[in-house]
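Here is a short briefing to read alongside the structure. Have the model open as you go through the points.

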Amino acid sequence: MSDERVLRITGLRARVAETEILRGIDLEIRPGEVHAIMGPNGSGKSTLSHVLMGRPGYEVTGGSVTLDGVDLLELAPWERAQAGLFLCLQHPTEVPGVSLEALLTEAARAGGRDPDTVRQALITEAGRLGIDEHFLDRPLNVDLSGGEKKRNEALQLGVLGARYAVLDEIDSGLDVDALATVARRIQEATEEDGLGVLAITHFARLLEVLEPDRIHVLSRGSIQVTGGPELAEQLEAEGYVGVLGDAATDEPETLVGLPHAAGFGDDPFA
Amino acid sequence: MCALRAEAAEGLADVAPPDVDEEVWRYSRIAELDLDRFGPSAERPATEPPVDAALVEGAVATILVCDGWVQSIQVAESAVEAGLLIGTVADLEGGSEFPGAVLEAPVDFFGHLNRAFCPEPLAVVVPDGVRLDGPVVVFSHVATEGVAAFPRLLVRCGADAAATVVEVQTSDDVEALVAPVLEAVVGRAGRLRHAVLQELGPRVWQLAHQEVHVGQEASGELFHAGLGGDYARTRTDCRLVGRGAEGRITAAYFGVGSQALDYRTFQDHAAPDTVSDLLFKGALDDSSRSVYTGLIRVRPEAVRTRANQTNRNIKLSPDAWAESVPNLEIETDDVMCSHASTVSPVDADQRFYLESRGVPTAVAERLLLEGFFEEVVEAAPVPAVGKRLRQSLRAKLDRHEVVGSGAA
């Protein structure tokens, strides 16, 4: 183990059921950096975020991921979170009967941090995000609007004090104000706490509020093009086809890029 | 009373023992029962049931029952002055009329046994207009090896009266059979809340029956926590007999080891504008089993009935098993009835969400299960009942957490 601080993804390959979705991803994210991953539908963007957190159903077939020298792929999802990885979900799951405070208290306890500090940290963080305090006692994500759910994710990110955050399409279903608030908070974390960010997004809109250092374009399961912020403008103007050419379109079999689509198993007509 | 008992004993010869071919005994373990292993309690046992100070505090009456015998009755002065009457039916004036007043005939073989062998039926009478400001708490204990105990509780909640009755069912670590019967009636615009905390030992068989009749504009709320026993079965008949009557039945159960928990419910709408709501939630660990079968019956006269029935089960182990069979029998139009039933493992997406925040798998499952039961805990008629249920669930979940993380 080295003391070099970096989230390093090397030659990462992964499949869902029998379909290979990630075909060799290489990325290095250092503290304070914001990397954006853009790409057409079905390119593997969301798969990458799930594979990094270790969601069941996603099988790593090659490559490595290290977080500040720790081999992430060896760890259970909760241990990855304790190691400093945070996954901000595109669709945060509703968990009736479990409060934000109960969740974060158990997370603190499992990580050997003082659980009694959680309430105060929540209140402080809620203040920064403009979240009303009564909201803290509600069951997780239940009956929340899209914007409230994403604020809630940002709130947890702040309290948990992660080192690297993977943001999976946090701009989807978000109004402009909520997006600006959440993006500002994440931007501040990169500057104040050296949070490294991997922002997965379909639209350039997020990048107007969250300034990326690097932009990567993902297609067919690997990164095709990497550039600076100007790449977002080029994508906006020319589209994926303009930037990627033929590689912008997926081969037919990668359309089964979603776990539920894989439920048919092997060829059902065989 | 004696005549009734003799008649019941005589009648027993004509009553067929339960058979799993009958719908109401389907999926049950009744075929395993060897009645010859148990004998009725012939004399008053010396044992004092354990009491829970948190429940006694604030109670208007505390009653101790052992092997079906009423050991002691304590009633607060204020409640006596208000008119609350508690006693064995032999001691209460007109008490001999009570057994069978609600439940005209036993519903099954064990009901007959109870009628024949209950040594001292206990009656709680809340006169019209009396509103008790604390619960009546009955600690009903089983203490004797090999005993077949037949406790019987009769509750009369008068017109415009309000009462809460809590039964705590416990046992020593004995092999025993207990077949309790509850008969309750709620008068016009009365409100009765009743709770059972079933915490019997692991070698006890329980076959319980509850019959509650709810009058006009009255409400009957039944709460149940099924935690103990080897095989524990409760049949609940909630009959809404007066216009605008309301019945609510809420239960939580948690099976461990090879336990079997078995529930049969009847929401019987026999008058217009009646409302019933049922929520049963269970968790099954190890190789435990549960059965829930419930019927919403809407009789021809029960127009504008609203009825709901929900049973949700979470399997915590691949060897656990839950059967859930909701039924509707509707004999009139203009009703709103719904039912829902699920048997599933812990929700994988919810668990992953909690894990992704740094919570170990087994702790995530505990949080989810506590959340799952919270809806039931909140329906407890008095806070001390909810608190005790929460603690019992927590103890079972802690155990699951240890076993679960060992397996992970």
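Let's begin with a sheet in chain A: six strands form an open sheet with mixed pairing, in the order S6-S9-S10-S3-S11-S12. This is a predicted model, in which local features need pLDDT of at least 70 and side-chain atom pairs count only at pLDDT 80 or more, while totals for chains, interfaces and linings use all residues. Residues are numbered from 1 along each chain as its sequence is written, and chains are lettered from A and ligands numbered from 1 in the order in which they are written.

**The sheet in chain A**
- Strand S6 (85-88) and strand S12 (222-227) of chain A are the edge strands, each pairing on one side only; two strands pair if DSSP finds at least two bridges between them.
- Strands (E, at least two residues) and helices (H or I, at least four) are DSSP runs, numbered from the N terminus.
- On average, neighbouring strands of this sheet are turned by 20 degrees against each other, direction ignored.
- Strand S9 (residues 164-168) and strand S10 (residues 196-201) of chain A run parallel and are joined by five bridges.
- Leu167(A) has Ala199(A) as its bridge partner in S10(A).
- Helix H8 (residues 230-244) of chain A packs on the sheet, where it touches strand S3 (34-38), strand S11 (214-219) and S12. The direction of H8 makes about 140 degrees with that of S12(A); angles run from 0 to 180 degrees between N-to-C directions, and axes are lines fitted to C-alpha atoms, for helices over the stretch in contact.

**Chain A as a whole**
- Chain A has eight helices and twelve strands.
- The C-alpha trace of chain A spans about 55 × 45 × 40 Å along its principal axes.
- Of the 270 residues in chain A, 43% are buried (20 or more other C-beta atoms within 10 Å of the residue's own, with C-beta atoms placed from the backbone).

**Two helices of chain B**
- The axes of helix H5 (residues 348-355) and helix H6 (residues 361-377) of chain B come within 9 Å and cross at roughly 120 degrees.

**Where the chains meet**
- In chain B, 21 residues are in contact with 22 residues of chain A.
- H6(B) gives the most to the side of chain B that touches chain A, with nine residues.

Technical notes: Contact = placed C-beta atoms within 7 Å. Buried ≥ 20, exposed ≤ 12 C-beta atoms within 10 Å, placed from the backbone.
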